[in-house]
Amino acid sequence: MISKDAIFNIKSNAECDALALDIFKFQFKNNKVYRSFCDLINKHPADVKQVTDIPFLPIQFFKSHTVLSTSLDIQKTFSSSGTTGNNTSKHFVSDLNLYEESYLNAFKHFYGNIEDYVVLALLPSYLERDGSSLIYMVNDLIEKSNQTESGFYLNNLDELVNTLKSLEAKKQKTLLIGVSFALLDLVEAHQLQLKHTIIMETGGMKGRRKEIIRQELHKILKTGFGVNQIHSEYGMTELLSQAYSKGNGVFECPPWMKILTRDTEDALTIQPLHKTGGINVIDLANINSCSFIATQDLGKVYNNGQFEVIGRFDNSDIRGCNLMAL
């Protein structure tokens with residue numbers, strides 16, 4: 001069995017690739033859904049010599065199948081928000097400690113000790129439903145911060161602004177993490193000048209506002225909050241790891257996570273760097289479900305492993321995966 005230490009102590013890209021190949025063999029053997037998919041496309045361990053040979057499971061499988069590589073009891077089921085009439089994705093998590101270690105180690109990797117921050121969360125659309133993996137993570141970050149001012153805000157924007165101003169006056173390092181539409185609501189009602197606060201958007205208008213491109217969103221938020229950069233979090237229900245951007249929409253993965261892009265016309269072909277394609281995620285923390293997921297996001301990967309998210313496939317564009325969505 002592959003240990004948590006092996007996952008979270010990866011020090012190099014080569015170590016990540018080597019462990020990914022080991023986890024592929026493990027999941028091919030132990031994950032019935034993933035094995036069926038590999039059989040369908042005729043890709044087996046003997047065919048997989050390097051990371052780019054690994055098959056990536058279309059993310060739609062989390063809507064229609066139970067994706068598991070373990071017989072352990074399920075501790076928590078995370079679900080996506082979904083839209084009316086659509087099935088929601090379900091991620092059955094058998095080891096919550098893996099998720100906790102993943103996001104705590106990632107936060108420390110990019111931002112330092114959580115105890116140094118007051119964590120303020122403006123996530124109304126997530127708070128209003130059950131099963132959000134983001135709420136689980138942020139709630140734990142709030143608790144681990146050990147700061148009395150840390151907490152969630154729903155519609156009480158005036159109170160949030162007063163808290164931000166009070167923390168600024170004390171020069172307290174603060175993280176404000178929010179869904180895009182709620183952050184826009186905040187800056188339309190209040191103009192701020194924040195010097196000690198990180199503004200982190202998690203994306204999504206959730207049907208509350210017209211979708212806008214990230215550059216436009218960040219321009220509005222930078223002006224409204226009086227900050228030089230807007231940070232972003234890239235995660236999803238089906239993953240146990242997150243990538244972070246400290247500005248300009250360029251994301252970086254923790255050492256146990258990696259992004260590749262696939263050809264938009266041929267879902268089984270991995271593209272070279274700097275070329276726009278479908279985002280494939282390697283998340284080694286997902287050892288008990290599936291570590292190799294083909295998302296419906298479009299993006300571009302750079303030499304240093306950093307990446308951008310450019311948009312999403314529309315329904316007519318995912319024909320490369322439709323054949324595989326059993």
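Buried, as the word is used here, means under 20% relative accessible area. Keep that cut-off in mind, since it comes back again and again below. One more thing before we start: this is a predicted model.

**Rings that meet**

Let's begin in helix H2, which covers residues 13-30 and holds both phenylalanine 24 and phenylalanine 28. The two sit four residues apart, or about one turn of the helix. Both phenylalanine 24 and phenylalanine 28 are buried. How do their rings face each other, at what distance and angle? The centres are 6.0 Å apart and the planes stand at 50°, so the pair counts as tilted.

Across the model, the count of aromatic pairs comes to 17. Another of them joins phenylalanine 8 and tryptophan 256, with ring centres 5.0 Å apart and planes at 85°, so this one is edge-to-face. Phenylalanine 8 has a relative accessibility of 10%, so it counts as buried. Tryptophan 256 is buried as well, at 3%.

There is also a ring with a charged neighbour. Lysine 246 lies over the face of tyrosine 111, and the distance to the ring centre is 5.0 Å.

**Spaces in the model**

Now for the gaps between the atoms. The second largest pocket has a volume of about 470 Å³. It is lined by 25 residues, and those closest to its centre are Asn13, Lys258, Asn304, Gly305 and Gln306. Which elements give two or more residues to this lining? They are H2 and S11. S11 gives the most, with five residues. Sorted by class, the pocket lining has 13 nonpolar, nine polar and three charged residues.

The structure also holds three cavities of 30 Å³ or more. The second largest cavity contains about 40 Å³ of space. Its lining takes in His91, Phe92, Val93, Ser94 and Asp95, along with Leu240, Asn286, Asn288 and Ser289. By class, that lining has three nonpolar, five polar and one charged residues.

**Polar side chains**

Next up is glutamine 296, found in strand S13 (residues 292-301). Is glutamine 296 buried or exposed? It is buried, because its relative accessible area is 18% and the cut-off is under 20%. The side chain of glutamine 296 makes a polar contact of 3.2 Å with the side chain of arginine 312.

Threonine 88 has its place in the loop between strand S2 (76-79) and strand S3 (90-93). With a relative accessible area of 24%, threonine 88 is partly exposed. Its side chain and that of lysine 90 are joined by a polar contact of 3.4 Å. Another lysine comes into the picture too: threonine 88 and lysine 63 are 25 residues apart in sequence and 5.6 Å apart in space, going from C-alpha to C-alpha.

**Two asparagines with positive phi**

Last stop: a couple of asparagines in loops. Phi of asparagine 42 is near 60°, a positive value in a residue other than glycine. Asparagine 146 has a positive phi too, near 55°. Asparagine 42 sits in the loop between helix H3 (32-40) and strand S1 (57-58). Asparagine 146, for its part, is in the loop between helix H7 (133-145) and strand S5 (151-153). Are asparagine 42 and asparagine 146 buried or exposed? Asparagine 42 counts as exposed at 54% relative accessibility, and asparagine 146 is exposed at 65%.

Here are the relative accessible areas of several residues from this tour, side by side.

| Residue | Relative accessible area | Class |
|---|---|---|
| Tryptophan 256 | 3% | buried |
| Phenylalanine 8 | 10% | buried |
| Glutamine 296 | 18% | buried |
| Threonine 88 | 24% | partly exposed |
| Asparagine 42 | 54% | exposed |
| Asparagine 146 | 65% | exposed |

Methods
Residues numbered from 1 in each chain as written. Predicted model: local features only at pLDDT ≥ 70, side-chain atom pairs only at ≥ 80, totals over all residues. Heavy atoms only, no water. Phe/Tyr/Trp six-rings, centres within 6.5 Å; stacked < 30°, edge-to-face > 60°. Buried < 20%, exposed > 50% of the residue type's maximum accessible area, 1.4 Å probe, protein only. Lys NZ or Arg CZ within 6 Å of the ring centre and 35° of its normal. 1 Å grid on protein atoms, 1.4 Å probe; cavity = no way out; pocket = protein on both sides within 12 Å on 5 of 7 lines; lining within 4 Å. Points joined across faces, edges and corners; volume = space filled by probe spheres on them. Nonpolar A, V, L, I, M, F, W, Y, C, P; charged D, E, K, R; others polar. Polar contact = N/O pair within 3.5 Å; in protein donor to acceptor, adjacent residues only side chain to side chain.
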